[in-house]
Amino acid sequence: MKLYTGDLSPYSAKVRIQIYAMGISDDITFDLPIATFYQGKFKDISPIGRIPVLETDEGIIPESEVIAEYLDELYPEKSLMQGKTLKEKADIRVISRIADTYLMNNIFMALSQLDPSKRNEAVIDLLMGQVERGMAALEKHINADGFATGTTLSRADASLAPALFMCENTVPRFGRTSPIEGTTKVKDYWRRIQTNEHCKRALDEMLRGLQARMDGSEQKLAKAAIAKAT
Ligand SMILES: N[C@@H](CCC(=O)N[C@@H](CS)C(=O)NCC(=O)O)C(=O)O
């Protein structure tokens with residue numbers, strides 16, 4: 001199988017954490033057709049046009065949450081959901097949804113407002129309001145110690161660690177304080193989860209992606225790949 005993935009992409013990092021934690025990296029190659037992606041032609045591979053996408057013998061699977069469930073069902077003996085009760089599974093899904101829908105998605109929508117000279121503060125107010133709302137809910141749902149929920153690493157952690165990376169590193173670029181700052185349990189969790197080997201590996205990859213974006217090397221690489229392809 002092949003996972004179309006990008007270093008900085010939090011939704012891709014979420015699936016990578018799951019793959020690392022399940023120990024199935026040998027069955028999956030990681031790739032991104034750079035020219036295709038940066039020319040906006042990734043829709044030729046997956047109609048939604050977004051990463052991650054899992055390519056299987058039976059066709060492609062888009063959407064991180066769907067890929068996550070597919071991998072759990074494909075490898076039941078390695079699934080991070082193994083042995084969990086129905087309620088524990090529901091708790092994992094709630095946290096994963098908060099990370100996807102309230103945190104990552106709203107931060108993503110705000111990316112068009114990065115340039116302060118063109119920024120519409122009302123758009124930022126609206127989107128960051130939703131991020132704050134998700135963060136307040138997360139503060140109630142999350143464990144006070146250990147993992148996000150339950151006693152082992154789960155898909156809740158796989159979704160949440162990249163989402164918190166975005167909260168810490170991207171939100172300040174909109175001129176707003178990281179929403180983690182106003183929390184207690186989430187702040188402690190964020191400190192703890194960065195030391196987990198699987199999360200740390202993906203967070204380091206995100207940091208590498210962020211550095212490449214900020215120092216212009218990502219853009220250079222994309223330009224060179226596009227020039228070669230045309
Ligand atoms: N709901 C999707 C979101 C995926 C997503 O937004 N991916 C971003 C990178 S993290 C992307 O591919 N953006 C490119 C674009 O929107 O054209 C998922 O869970 O996989």
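Visitor: Over residues 85-216, how far apart are the end C-alpha atoms?
Guide: This is a predicted model, in which local features need pLDDT of at least 70, side-chain atom pairs count only at pLDDT 80 or more, and totals for chains, interfaces and linings use all residues. Residues are numbered from 1 along each chain as its sequence is written. Residues 85-216 are 66% helix and 0% strand, where helices (H or I, at least four residues) and strands (E, at least two) are DSSP runs numbered from the N terminus. The end C-alpha atoms of this span are separated by 47 Å.

Visitor: Which UniProt annotation covers residues 85-216?
Guide: UniProt positions are given in the numbering used here, feature names are shortened, and annotations may be inferred rather than shown by experiment. The entry is unreviewed, and its annotation for residues 85-216 reads "domain: GST C-terminal".

Visitor: What is the distance between the centres of domain 1 and domain 2?
Guide: The domain assignment, automatic or from a database, gives domain 1 as 2-79 + 216-229 and domain 2 as 86-193. Taken over C-alpha atoms, the distance between their centres is 22 Å.

Visitor: Which helix gives the most to the side of domain 1 that touches domain 2?
Guide: The contact (C-beta atoms, placed from the backbone, within 7 Å) takes nine residues from domain 1 and 12 residues from domain 2. On the domain 1 side, at least two residues come from each of helix 1 and helix 3. With seven residues, the most comes from helix 1.

Visitor: Within what arc do the buried residues of helix 3 fall?
Guide: A residue is buried if 20 or more other C-beta atoms, placed from the backbone, lie within 10 Å of its own, exposed if 12 or fewer, and partly exposed in between. In helix 3 the buried residues are Ser64, Ile67, Ala68 and Leu71. They line one face of the helix, because the directions from the helix axis to their C-beta atoms fall within an arc of 100°.

Visitor: Which residues are exposed on the other side of helix 3?
Guide: The buried residues of helix 3 pack against helix 1, strand 3 (53-56), strand 4 (59-62) and helix 6 (155-169). On the other side, the exposed residues are Val66 and Glu73.

Visitor: Which helices each supply at least two residues of the shell around the ligand?
Guide: Among the residues surrounding the ligand are Ser9, Tyr11, Arg50, Ser64 and Asp100. The helices that each supply at least two residues of the shell are helix 1 (10-22), helix 3 (64-74) and helix 4 (86-109).

Note on methods
Near = placed C-beta within 6 Å. Contact = placed C-beta atoms within 7 Å.
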